[in-house]
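Please read it with the sequence and the model open side by side.

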Amino acid sequence: MLRRKGARALIGTAAITLTLSITPAASSAALLATTLYYDDSQAAEFKSAVAAGAQAWNSTVTNVRIQKAPAGRRAEIVVIADNGWPRAQLGPVRSGGRVTIWFGRQAVTDGYNTTRIASHEMGHSLGLPDRKPGPCSSLMSGSTGGVSCTNALPNASERAAVNRTYAGTSAPATSGGVLVDAP
């Protein structure tokens with residue numbers, strides 16, 4: 001009788017261990033990702049560009065997710081449309097922190113791509129500085145990519161930097177200066 005109970009316990013333990021070992025890594029990574037919320041209520045005509053910029057990051061990094069804030073939830077990233085040049089507070093913003101992105105119409109008037117602007121400014125919120133001058137393939141090259149550049153996706157080194165920054169949640173939120181993305 002004691003032998004049967006021991007065997008059953010061993011089989012139960014093995015089943016739990018097997019279940020845990022075959023759980024896909026992607027699902028556990030998604031559970032561990034930091035979720036940051038954005039508020040586009042002041043983004044005016046740029047709301048769809050802001051959503052596309054967030055999607056550009058969500059489709060390329062694993063350790064952070066940028067989601068539209070549901071009603072009543074305080075957002076970490078606030079997007080405000082204005083008439084100046086695009087600019088943003090340098091992060092990395094953490095859950096419970098707050099940074100602001102000013103979506104400047106001047107760059108749009110000059111012909112820069114709105115989704116690239118949104119994604120670039122979100123890169124600042126995630127802790128990435130400008131990399132000017134730079135090619136269109138570098139999201140953080142900003143305006144030096146030229147008005148014909150529509151690339152809104154971070155390159156491999158930009159993705160790696162953000163994934164490293166958000167690999168753990170114990171790092172304190174930082175509040176850097178405002179980065180103006182004028183040419």
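**Note on the predicted model**

1. The chain holds 6 helices and 6 strands, where helices (H or I, at least four residues) and strands (E, at least two) are DSSP runs numbered from the N terminus. In sequence order the pattern reads α-α-β-α-β-β-β-β-α-α-α-β. The model is predicted: local features need pLDDT of at least 70, side-chain atom pairs count only at pLDDT 80 or more, and totals for chains, interfaces and linings use all residues. Residues are numbered from 1 along each chain as its sequence is written, and side-chain values use heavy atoms, with hydrogens and water left out.

2. Of the 183 residues in the chain, 40% are buried; buried means under 20% relative accessible area, exposed over 50%, and partly exposed in between (1.4 Å probe, protein chains only). The accessible surface of the chain is about 9,500 Å², and carbon and sulfur atoms supply 59% of that area. These areas come from the Shrake-Rupley method with a 1.4 Å probe, and for residues only the protein chains shown count as cover. Among contacts (heavy atoms within 4.5 Å) between residues at least 6 apart in sequence, 63% join residues at least 24 apart.

3. Which strands pair with β5, and in which sense? Strand β3 (residues 77–82) pairs with β5 in the parallel sense over 6 bridges, and V79 stands opposite I101 in β5. Strand β4 (residues 87–89) pairs with β5 in the antiparallel sense over 2 bridges, with R87 opposite W102 in β5. Two strands are taken as paired if DSSP finds at least two bridges between them.

4. The model contains 2 aromatic pairs; rings of Phe, Tyr and Trp (its six-membered ring) pair if their centres lie within 6.5 Å, with planes under 30 degrees apart counted as stacked, over 60 as edge-to-face and the rest as tilted. The rings of F46 and F103 have centres 4.1 Å apart and planes at 15°, so this pair is stacked. F46 belongs to the loop between β1 (34–42) and α3 (47–58) and F103 to strand β5, so the pair ties together parts that are 57 residues apart in sequence. F46 and F103 are both buried.

5. W85 and Y112 form an edge-to-face pair, at 6.0 Å centre to centre and with 65° between the planes. W85 lies in the loop between β3 and β4, and Y112 in the loop between α4 (105–109) and α5, so the pair ties together parts that are 27 residues apart in sequence. W85 and Y112 are both buried.

6. Is helix α5 (residues 114–125) largely enclosed or largely open? Of its 12 residues, 10 are buried, so α5 is largely enclosed by the rest of the structure. The buried residues include R116, H120, E121 and H124. At the start of α5, a side-chain oxygen of N113 comes to within 3.0 Å of the backbone nitrogen of T115. G127 follows α5 and has a positive phi, near 105°.

7. Helix α3 has 12 residues and should span 16 Å at 1.5 Å a residue; its end C-alpha atoms are 17 Å apart, which agrees. The expected span is 1.5 Å times one less than the number of residues. The buried residues of α3 are A49, V50, G53, A54, A56, W57 and N58, and they pack against β1, β2, β3, β5, α5 and α6.

8. E76 sits in the loop between β2 (64–68) and β3 and is buried, with a relative accessible area of 2%. Its side chain reaches the backbone nitrogen of Y37 at 2.7 Å; a polar contact is a pair of N or O atoms within 3.5 Å, and within protein one must be able to donate a hydrogen and the other to accept it, while residues adjacent in sequence count only if both atoms are side-chain atoms. Not counting residues up to four places away in sequence, E76 touches residues including L36, Y37, V93, R94 and R98.

9. G168 is found in the loop between α6 (156–165) and β6 (178–180). G168 is partly exposed, with a relative accessible area of 33%. The C-alpha atoms of G168 and N63 are separated by 8.4 Å, although these residues are 105 apart along the chain.
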